[in-house]
Amino acid sequence: LACHVTKWTAECDKRLHRLVCYIHSTLHYRLVGWVGDNTEDITPHCFADADLGGCTTTQRSTSGAHFALRGPNTCFPIAAGSKRMACVTLSTTEAELYAAFYALRTFGLPGLSFLGIHF
């Protein structure tokens, strides 16, 4: 919807109403993390995913990423995000590779340096 601010239509009004209704009905959802391990048992994990041609207008895909600390008794989210790709991908494999690049560049490598892990 943010991409349609300059060309707003009645369909955008319907989508905005649907989004606000969804937000209102899911206020009880919470992002929960827990830590139950020593620091030497915790490792950083970066997850990536993509859709193929998710935007019906431009046929561009969307990348998603999630960065968390994981261990036997630990699951603590650090960062997450999604972004529409700057290019049109031609296959699911290409979209997934671009999503992996986005996750690594945006969350993975900065997260490792934040945690003091150098390679």
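Predicted model: local features only at pLDDT ≥ 70, side-chain atom pairs only at ≥ 80, totals over all residues.
Visitor: Where does Ser61 lie relative to the strands, and is Ser61 buried or exposed?

Guide: To place a residue, look at the elements on either side of it; Ser61 sits in the loop that runs between β1, residues 43-50, and β2, residues 62-71. To judge burial, read the relative accessibility, for which the limit is under 20%; Ser61 has 0%, and therefore counts as buried.

Visitor: Which residues is Ser61 in contact with, once its neighbours within four places in sequence are left aside?

Guide: With those neighbours left aside, the residues in contact with Ser61 include Asp51, Leu52, Gly53 and Gly54, as well as Lys83, Arg84 and Met85. Thr89, the partner in the polar contact, is also among the contacts, and so is Ala95.

Visitor: How do I read the sheet, and what is the order of its strands?

Guide: A sheet is read by asking which strand pairs with which; here three strands form an open sheet in the order β1-β2-β3, and the pairing is antiparallel. β1 and β3, the latter covering residues 74-84, stand at the edges with a single partner strand each, so one side of each has no neighbour in the sheet. On average, neighbouring strands of this sheet are turned by 15 degrees against each other, with direction ignored.

Visitor: How many bridges join β1 to β2, and how many join β2 to β3?

Guide: Eight bridges join β1 to β2, while ten join β2 to β3. The link from β2 to β3 is a hairpin, which passes through two residues.

Visitor: Which strands does helix α2 lie across?

Guide: Helix α2, made of residues 92-114, lies across β1, β2 and β3, and its direction is at about 150 degrees to β1.

Visitor: How should I think about a nonpolar core, and which residues form the largest one?

Guide: In soluble globular proteins, nonpolar side chains tend to be buried together. In this model the largest nonpolar core has five residues, namely Ala65, Phe67, Tyr102, Ala103 and Phe107. β2 and α2 each supply at least two residues of this core, and α2 gives the most, with three. Phe67, a member of this core, has contacts beyond its neighbours within four places in sequence, including Pro44, His45 and Cys46, and also Phe107, Gly108, Gly111 and Leu115.

Visitor: What pattern does the protein follow along the sequence, and why is it described as more spread out than a compact globule?

Guide: The secondary structure comes to two helices and three strands, and along the sequence the pattern is α-β-β-β-α. The radius of gyration is 18 Å, well over the 14 Å that the globule rule gives for 119 residues, so the protein is more spread out than a compact globule. Along its principal axes, the C-alpha trace spans about 55 × 35 × 20 Å, and buried residues make up 21% of the 119 residues.

How values were computed
Residues numbered from 1 in each chain as written. Heavy atoms only, no water. Helix = DSSP H or I, 4+ residues; strand = E, 2+ residues; numbered from the N terminus. Buried < 20%, exposed > 50% of the residue type's maximum accessible area, 1.4 Å probe, protein only. Polar contact = N/O pair within 3.5 Å; in protein donor to acceptor, adjacent residues only side chain to side chain. Contact = heavy atoms within 4.5 Å. Pairing = 2+ DSSP bridges. Axes fitted to C-alpha atoms, helices over the stretch in contact; angles between N-to-C directions. Core = buried A, V, L, I, M, F, W, Y, C linked by side-chain atoms within 4.5 Å. Rg over C-alpha atoms; globule rule 2.2 N^0.38 Å.
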